[in-house]
Amino acid sequence: MTLLQLHNVTKTFGEIRALNGIDFSITEGEIVGLVGPNGAGKTTLFNLLSGRFRPSSGRIIFAGTEITGLKPHAICRLGISRTFQSSRPFAKMTALDNVIVGCVFGKGFYLRPRREDKCTALEILGMVGISHKAETLAGDFTLSELRRLDLARALATRPRLLLLDEVAAGFSPVAVKQAVKLVLRVRDRGVTMLIIDHFLNLSLKVSDRLIALDFGEKIAEGPPGEIMKNRKVIKAYLGLRHEEEHE
Amino acid sequence: MQNGEEPNKIISIEKNSKPRVKRRRVDEGGLVLLFFVLLLLPVLVRHDDYILQVFTHALLLATLALAWNILGISGSISLGHAAFFGAGAYTSALLSLESGISPWLTIPLGGLLSSGLGLVMGLICMRLRGAYFALATLAFVEIPRVITDNWDGLTRGSLGLVGLPGLPSLHLGSWYIHIGSSVAASYYLVLIHALFLSGLVGFIFHSNLGIALQAIREEEIAAQSIGIRIERFRLFSLLVSAFFAGVSGACYAHMVRYIGPELVYGIHFSAAPMIFALCGGRLTIVGPALAALILYPVDQFIFHPLLPAGHEFLYGAVLVLVVIYLPRGFWGSIRKAP
Amino acid sequence: MWTTALISGISLGSFYTLIALGFALIYGVTRNFNLAHGELLVLAGYAAYWLWKTWTIPFLMTFPAAVIVMLVACFVLQRLFSRLGEPRELNSIVLSFGIVILLQNAMLFLFSSDYRLIRVPAFGKGLFLFDAYISNSQLILLLLSLVVIGLISLLMNRTYLGKALRATIQDKEAAALAGIHVKAMGTIAFSLGAVLIGLAGPLYGATHYLYPSTGHSVTLLAITITIFAGVGRMRGVILAGWILGLAESVAVILLGASWREMVGAVLLISFLFFKPHGILGKGEQ
């Protein structure tokens, strides 16, 4: 079924048009990569989807419900969760507590953390591979561990759609391989994913489909193989000269 | 988050021994020792009224600091908590003076009114973050102060209110304890209040409310994206904080039996809780209370005799030192030290 | 009556602008909120008072002395502020709050809580203008403030230094990348602020009663004006000062002098509520 639909979504900040008339949809169970050079509007799109900003115009529909302009906590309760480019851990809390926060608030509010929350949190930490550091303060983590913690926290809210923001940026090929395995494991849990990937290392390997943005507009959409050969995409990343070379 | 048993954890995985258990026992031992000293203080000082009164006042400031820190958990810094302290003081004073209602009732009513004032402040200021929120609280306290100062008909204006009823008496079966007239009894009342509030703050820290507030303090945007309603939690913590600040103010009114707008809405009661909480440690449960119990007596016993005018510089000096050299506060540093 | 309010409002407002300029400059360039701004002003006033009273130094000579005292004080302050980490704005508020307590108690110790006033004979007199009385003190406040504001304006808009300052105010990182010595700009901002407070202090001491806790309302004024104008917008500071001065004068007529401080507080909260980044400035998301 169609999980997410964007209809003619536009976002302007004063004079700057960050996103212009974006249209696409995502089916449940897909892994879609969102690619494009810096400044293309990918993170802005995430901010719209997660509720941090309101679209200037257009509509966003998630699982049949209109979510345009809803606040972040409401969108989270409906089932969309995200990670951050800069991870944003709760630095003075342990990794376990970071994830427990996600368990506790993802779907509602009650007075004290429950046993199940702790168990679920431990399980998720195990899945992303940092359960050995459950009791360490998040502020002391390495970059790769932080990314995984961010992912764990987002998963703790039991999302249907997960927005991953540059989760493999700066990773070595070995680390990318591990990231691929992790993403597939997340898909096996039944989570649909939209992945921002500027570096084109992760998304090429896991995505069913790529959507390419440039200067706030969608310039291409299709399977990874096709997109990588798409002239507009090459031009966006590498510039005019390279486009001519390919002719 | 720290308390007596489970440091650095919301839920501990194992309660067995850890490498740091030895240090924890020292901290906790210290707290237990302090508890007994406080419990037996009247006996220890051989009922020296002056010393007891200083420590009673220190405990009152401790309750104000604990109340302040309920808001402080969320990362918000209030520079105008005297607004709530004073509102509680005046409400309780006026109700008990004019209507003869027992302070047992007017003190919580004072807390309620302060909470209402907190609601007003919250509705206006909750959108503000960090520095701007602090500035708003700095300005906000002027409003109840000036209103109280000018509304002569109700509050006697800048003359203040005198002859307030003392702390209420307690009937326990055939026992009749005049708390107001007994220095030791007043001391114990405030001590119980402080212990109760410490327990409450500890409960909040470990509850989902406390978790949410800490997440909000750490990373507001991430907290929002995992389902935490920022404004609602901050507002709630402000309401609770204002309530207990008001209760402290009301207790103060009935202890000293005189209040005036410059006094209860003054900078002393805005600065004190903030300074104690920061010096003790905003991330700890009892840090603010400990700082009050140390700094206020030091001020009164050591510096006041030396410098009858200007002895409160101590608070400013300690704050500056803590902000620069010991941002976790002294108790926070002890708790967190490896 | 309204003409008096107008004159009083403009004269007072210009003086408020003079006072707020230092605060706005320091905040704009270094992002440090100096809550002790009012206390510094009062300290400068006390310094002038002490020289005038104890050493019978003529009033005019107290100005350079006050400026020197302020330069020393701001030097110390700058060193303290530089030890702070992020978030700078909040940390500077907390630190300067500690300084407020320190300074208030120091002044309490040195001068006691008695009200002090520098009595300048010329200030007692005045003249009639358009059927309203304008005192000499109001005139001097107005003229001096306008002159100093004008000089600062010239500095900010017509000199390279001013350009560098404005660049640092707008975007510290970009300014640094453009080769501007950001730390030096901070020192200059503090120094200029010190000069401005040093000039305003004796004036304050000659037109208002000095007592240790009077600095608080001055600081609130400076904050209100700075927030209204938005970060680093000097023209806005002047406008804001006048508006505040007029609002207070009108409020005094309508409500009475005792409501003055609440008017300032309500204004500040409204400005923060509607546009924390400045009424005249563009908002951020």
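Predicted model: local features only at pLDDT ≥ 70, side-chain atom pairs only at ≥ 80, totals over all residues.
Where they meet, chain B contributes 32 residues to the contact and chain C contributes 34.

Next, keep chain B in view and colour the elements on its side of this contact. Helix H5 (130-140), helix H6 (142-150), helix H13 (267-280) and helix H15 (313-325) of chain B are the elements that give two or more residues to the side touching chain C. Colouring that side of chain B by class shows 25 nonpolar, 4 polar and 3 charged residues.

Now select chain A. Its secondary structure comprises 10 helices and 10 strands. The radius of gyration of chain A is 18 Å, close to the 18 Å that the globule rule gives for 247 residues, so chain A is as compact as a globular protein of that length. Along the principal axes, the C-alpha atoms of chain A fill a box of roughly 60 × 40 × 35 Å. Of its 247 residues, 46% count as buried. Among the contacts in chain A between residues at least 6 apart in sequence, 65% join residues at least 24 apart.

Then divide chain A into its assigned domains. Select 1-79 + 161-172 + 193-247 for domain 1, and 88-158 for domain 2. The centres of domain 1 and domain 2 of chain A, taken over C-alpha atoms, are 27 Å apart. To the contact between these domains, domain 1 of chain A gives 4 residues and domain 2 of chain A gives 6.

Finally, which classes of residue does domain 1 of chain A present on the side that touches domain 2 of chain A? That side of domain 1 holds 3 nonpolar residues, no polar residues and 1 charged residue.

Notes:
Residues numbered from 1 in each chain as written. Chains lettered and ligands numbered in written order. Domains from an automatic or database assignment. Contact = placed C-beta atoms within 7 Å. Nonpolar A, V, L, I, M, F, W, Y, C, P; charged D, E, K, R; others polar. Helix = DSSP H or I, 4+ residues; strand = E, 2+ residues; numbered from the N terminus. Rg over C-alpha atoms; globule rule 2.2 N^0.38 Å. Buried ≥ 20, exposed ≤ 12 C-beta atoms within 10 Å, placed from the backbone.
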